[in-house]
Amino acid sequence: MVLLDVKGLSKSYQANITVLDDIQFQAKAGEFLSVIGPSGAGKSTLLRCLNRLIEADAGVITFDSKDIRELNRKELRKTRTDIGMVFQHYNLVPRLTVIENVLHGRFGYKSTLKGVLGIFTEEEKERAFYLLQKLGIEEHAYKRCDQLSGGQQQRVGICRALVQNPKLILCDEPIASLDPHSSKVIMDYLKLITEEMGITCIVNLHQVDVAQSYSDRVIGLNSGKLVFEGSPIQLTQSFISDVYGMDTKELITG
Ligand code: ADP
């Protein structure tokens, strides 16, 4: 089943500079998709257009049978509860505890007042603890987030996305600020848990080898154009050169 269908997506921040040019792709339910490309290719803009953190200029984004670009504010807020997001710099509230940050993922389901007052049901709290346990950080539940390592903070970020019960998770360079070991831990968790829960995952990545080892399918962007779409096996050296230009050796992290 197709969960996300993107057609003719274009975006410019300034006149005459096209950042996304007629992008077209689909993501199936439960699929793990990577978006690769050099810095400035448009990966982050693409991800943010999908949940309308950035408004696209043209195109149709159909998510779960809804035309995302046509939703009004209220409909968009509701639909966003189905789309979790994980950020490069985690976007946690540093002085709040781990469990409080995870429960922030429930805000989309609440009135502003209940959210501000931190009123969560027992079921929501149990789910949050369950997810912390799944991600191996339940012992840190009552620590302030700024006391955790980067890798642990990213696991909190993933729990916050998962507590929404999303159908889709968008991850914008989730491992770009982490060391190789923590990066592997995060990618392993993302893959394992989204697979187990049947969640579609779209991950922006710098490293080709990481994209190849974790993804069902890879999308390659260069200067806002989709220059590759296929399985990791189909991503040959020649396509990698199309995505990154000539010198691709430095992209392999080993
Ligand atoms: P990537 O994630 O692949 O590094 P981005 O989507 O962040 O690429 O950026 C694509 C292009 O759009 C870059 O040239 C960047 O400078 C430009 N860009 C990104 N955000 C903005 C913005 N808010 N205003 C103007 N230009 C932007």
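Predicted model: local features only at pLDDT ≥ 70, side-chain atom pairs only at ≥ 80, totals over all residues.
## The β6–β7 pair

Val86 stands opposite Cys171 in β7. Strand β7 covers residues 168–172, and four bridges join β7 to β6 in the parallel sense.

## The six-stranded sheet

Let us step back to the sheet that holds these two strands. In what order do its six strands lie? The order is β6-β7-β8-β3-β9-β10, in an open sheet with mixed pairing. As a reminder, strands of a sheet pair through backbone hydrogen bonds, in either the parallel or the antiparallel sense.

Which strands stand at the edges? They are β6, residues 83–86, and β10, residues 225–230. Each of these two has a single partner strand, so one side of each is left without a neighbour in the sheet. From one strand to the next, the twist averages 15°.

Now to the start of the chain. Strand β1 takes in residues 2–14 and strand β2 residues 17–28, and the two run antiparallel, joined by eight bridges. Val2, for instance, is placed opposite Lys28 of β2.

Together β1 and β2 make a hairpin, with two residues between the strands. Asn16 sits in that turn and has a positive phi of about 70°. For background, most residues other than glycine have a negative phi.

## Around the ligand

From Gly42, a backbone N or O atom lies 3.0 Å from an oxygen atom of the ligand. At Ser44, a polar backbone atom is 2.8 Å from a ligand oxygen. Tyr13 takes part through its side chain, where an N or O atom is 3.5 Å from a nitrogen atom of the ligand. On its own the ligand has 560 Å² of accessible area, and the protein covers 55% of that.

## Two loop residues with positive phi

Arg52 belongs to the loop that links α1 with β4, the strand at 58–63. Its phi is near 65°, a positive value in a residue other than glycine. Is Arg52 buried or exposed? Arg52 counts as buried, because its relative accessibility is 14%, below the 20% cut-off for that class.

Tyr90 lies in the loop between β6 and α3, the helix at 98–103. Here phi is near 70°, again a positive value in a residue other than glycine. Tyr90 has a relative accessibility of 11% and therefore counts as buried.

## Gln152 in helix α6

Our last stop is helix α6, residues 150–162, where Gln152 is found. Why does Gln152 count as buried? Its relative accessibility is 19%, and buried means under 20%, so Gln152 falls within that class.

What does the side chain of Gln152 meet? One of its polar atoms lies 2.9 Å from the backbone nitrogen of Ser149. Setting aside neighbours within four places in sequence, Gln152 is in contact with Ile137 and His140.

Technical notes
Residues numbered from 1 in each chain as written. Heavy atoms only, no water. Pairing = 2+ DSSP bridges. Axes fitted to C-alpha atoms, helices over the stretch in contact; angles between N-to-C directions. Buried < 20%, exposed > 50% of the residue type's maximum accessible area, 1.4 Å probe, protein only. Polar contact = N/O pair within 3.5 Å; in protein donor to acceptor, adjacent residues only side chain to side chain. Contact = heavy atoms within 4.5 Å. Areas by Shrake-Rupley, 256 points an atom, 1.4 Å probe, with all protein chains shown as cover.
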